[in-house]
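Here is a short report on a sheet, a domain contact and a chain contact. Please look at the model first.

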Amino acid sequence: MTKTRIDRRFAKTRAEGRAALVTFIMAGDPDLATSLEILKTLPKAGADVIELGMPFTDPMADGPSIQAAGLRALKSGMTLKKTLALIADFRRNDDETPIVLMGYYNPIYVYGVDRFLTDALSAGVDGLIIVDLPPEEDSELCEPALKAGLNFIRLATPTTDDKRLPKVLTNTSGFVYYVSITGITGAATPDYSKVAEAVARIKQHTDLPIAVGFGVKNAQSAAAIAAHADGVVVGSALVDVIANATATGSAGQDNVISHVSKFVGQLVNGIHQARAKA
Amino acid sequence: MKPDLPNSFRTGPDEHGHFGIFGGRFVAETLMPLILDLEQAYAKAKADPSFQAELDHLATHYVGRPSPLYYAERLTQHLGGAKIYFKRDELNHTGAHKINNVLGQIQLALRMGKKRIIAETGAGQHGVATATACAKYGLECVVYMGAVDVERQKPNVFRMKMLGATIVPVQSGARTLKDAMNEALRDWVTNVADTFYCIGTAAGPHPYPAMVRDFQSIIGKETREQMMQAEGRLPDSLVACIGGGSNAIGLFHPFLDDRNVEIYGVEAAGHGLEVPDGHAASLAGGRPGVLHGNRTYLLMDEDGQINEGHSISAGLDYPGIGPEHAWLRDMGRVTYLSATDKKALEAFQLCCKLEGIIPALEPAHALAAVIELAPKKSKDHLMVMNMCGRGDKDIFTVADHLGGM
């Protein structure tokens, strides 16, 4: 398979001897225009990979922050079609930063799998994380997506034991997303020593980069994860920054952008210090 | 074009949990190992005679089965057509068919060594049944219930509390059954190691739809025997209400291969099928989609966002339906009808007056269909309606709609 933007980006951060910063935002939160500005800001502020949430009414694996972000986006009129258009817009000025669409299967299924893959590729999507598609349902989207040239990134969790890992990894590409806790997004802070063990365990089964997420809240927790993983995923905490800046901001969009920029900068510092210390 | 009909309608699902294109296992990876364990544990239990013996014992001595098959004589005379029987599952311990399934799942949870039980509930009947079984076996019980449903089904909330369950009012979305299920799934993902999710309807990821159906099939099995005793032959038609569809599939499944038996499922038409977001009839007004672990017919918009169902009945206002019903509809084996809030309320009152039975609002929908269907049938047509729950819980809702009485 040809190398994707995701492969190239992780090769780069690996060469630089540091973990990649993977940032999650919800497409259309708080609205389409602001969302595009946030997208443009993320790479400038130091994000290496962008996970873009596809809003869904029933996000059954997400905590309150991302649930609320999805509802804000839907309320602002976001649809899957607009999400793809948003990415196409972003790609006009950035052909390097990998974009991974993350969400639930139903909107894609309703859009039509073939049509979705065609449109996602032409918009400039690099990979997919679909929470409710385990390997048992690979024929639905995973296999066609891989064939079309997209990465299909799988979640591995503390319940994914050595017996199950090979099944989870078989059709995984781009990177492995290790969910550091059994739980929903934005919940408890993980036990970092267990995360280190888990990353080591998964590495015995794959050469793919391993990004770790769920419960990474600030520069300190990002640093703690970055010491062990190839990537650190920050979602709920960033979504909260956007929510708070939107709620309190008198200066509108600019206020949101400056808060996002500042927060991502802190995460980058945390990640850079992680390996310097190690 | 109709798909090729199978030799039997009773062999599903396949090993992947599919009924045709419906069903499946659309869950987060965290839950997958447990779902696979559950499938194995259930297969093992099913093959173990002591499991069935325990369930039979509980059915007889705890639930009060078999529930009677009752000839509704005055209703039959009033409608002037088919001879109408009620399968009296409202007489079960806890007042509905839900206990049949709960006892099966709790037995399984005990075998799997799970100490904490979670459940979602709409009308509260499944929550009450789960709280009951947990009390009996000394298990921790947490019930997720939409905040709106907590309000409109107060008697059941109080019952669950008396039985020692923790009730979590769910504030997200429309604050009804769908949202309760989302929240229960979030709990399950978080506490997967020690928690068993006791799903109340024949939906969710495989093996739940098949497992719940199996536990509820006692309704149809008894009906066959009782009708043979009463009339010396099988019924000509079956009628049951459908939210997720567990009481219906329980009655229908043992009859699916008796092709002469007409089968009717009745969805909730709320304010009317023509009213956007005004009903909960996922077969009549929905399309195939993926939610809560399975592919089935869903009420949703053109972007695949799930709509909120509406029904006067808290047990029916779910925007999806069990995957086996979705398949039976596409196969044409079962005819799916619907009844509005108004028709259900009329049926509710008629049943009280003519038969001295206060039905739950859920089977009042089935009864509304009986009121339409029965007069068109001949007097030797035997029609069975599943009286799947009693209406004590609904008296305040009904009183509100009838102007305080």
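## The sheet of chain B

In chain B, strand β5 (residues 116–121) runs parallel to β8(B), and 3 bridges join them. This is a predicted model: local features need pLDDT of at least 70, side-chain atom pairs count only at pLDDT 80 or more, and totals for chains, interfaces and linings use all residues. Residues are numbered from 1 along each chain as its sequence is written, and chains are lettered from A and ligands numbered from 1 in the order in which they are written. Helices (H or I, at least four residues) and strands (E, at least two) are DSSP runs, numbered from the N terminus. Two strands pair if DSSP finds at least two bridges between them.

Within β8(B), B:Tyr197 is the bridge partner of B:Ile118. The open sheet has 4 strands, in the order β7-β6-β5-β8 (chain B), with parallel pairing. β7 (166–170) and β8 (195–197) of chain B stand at the edges; each has a single partner strand, so one side of each is left without a neighbour in the sheet. On average, neighbouring strands of this sheet are turned by 25 degrees against each other, direction ignored.

Helix α8 (residues 177–190) of chain B packs on the sheet. The helix touches β5, β6 (140–146), β7 and β8 of chain B. Its direction makes about 160 degrees with that of β5(B). Axes are lines fitted to C-alpha atoms, for helices over the stretch in contact, and angles run from 0 to 180 degrees between N-to-C directions.

## Two contacts

Chain B is assigned domain 1 (18–59 + 98–212) and domain 2 (66–95 + 217–401). These bounds come from an automatic or database domain assignment. The C-alpha centres of the two domains of chain B lie 22 Å apart. Their contact takes 40 residues from domain 1 of chain B and 39 residues from domain 2 of chain B. Residues are in contact if their C-beta atoms, placed from the backbone, lie within 7 Å. On the domain 1 side, β2(B) gives the most, with 5 residues.

Between chains, 34 residues of chain A are in contact with 26 residues of chain B. On the chain A side, α3 (64–75), α5 (105–111) and β6 (154–156) of chain A each supply at least two residues. α5(A) gives the most, with 6 residues.

The table divides two of these sides by residue class. Ala, Val, Leu, Ile, Met, Phe, Trp, Tyr, Cys and Pro count as nonpolar, Asp, Glu, Lys and Arg as charged, and the others, Gly among them, as polar.

| Side | Residues by class |
|---|---|
| Chain A, touching chain B | 19 nonpolar, 9 polar, 6 charged |
| Domain 1 of chain B, touching domain 2 of chain B | 19 nonpolar, 15 polar, 6 charged |

Terms used
Two residues are in contact if their C-beta atoms, placed from the backbone, lie within 7 Å.
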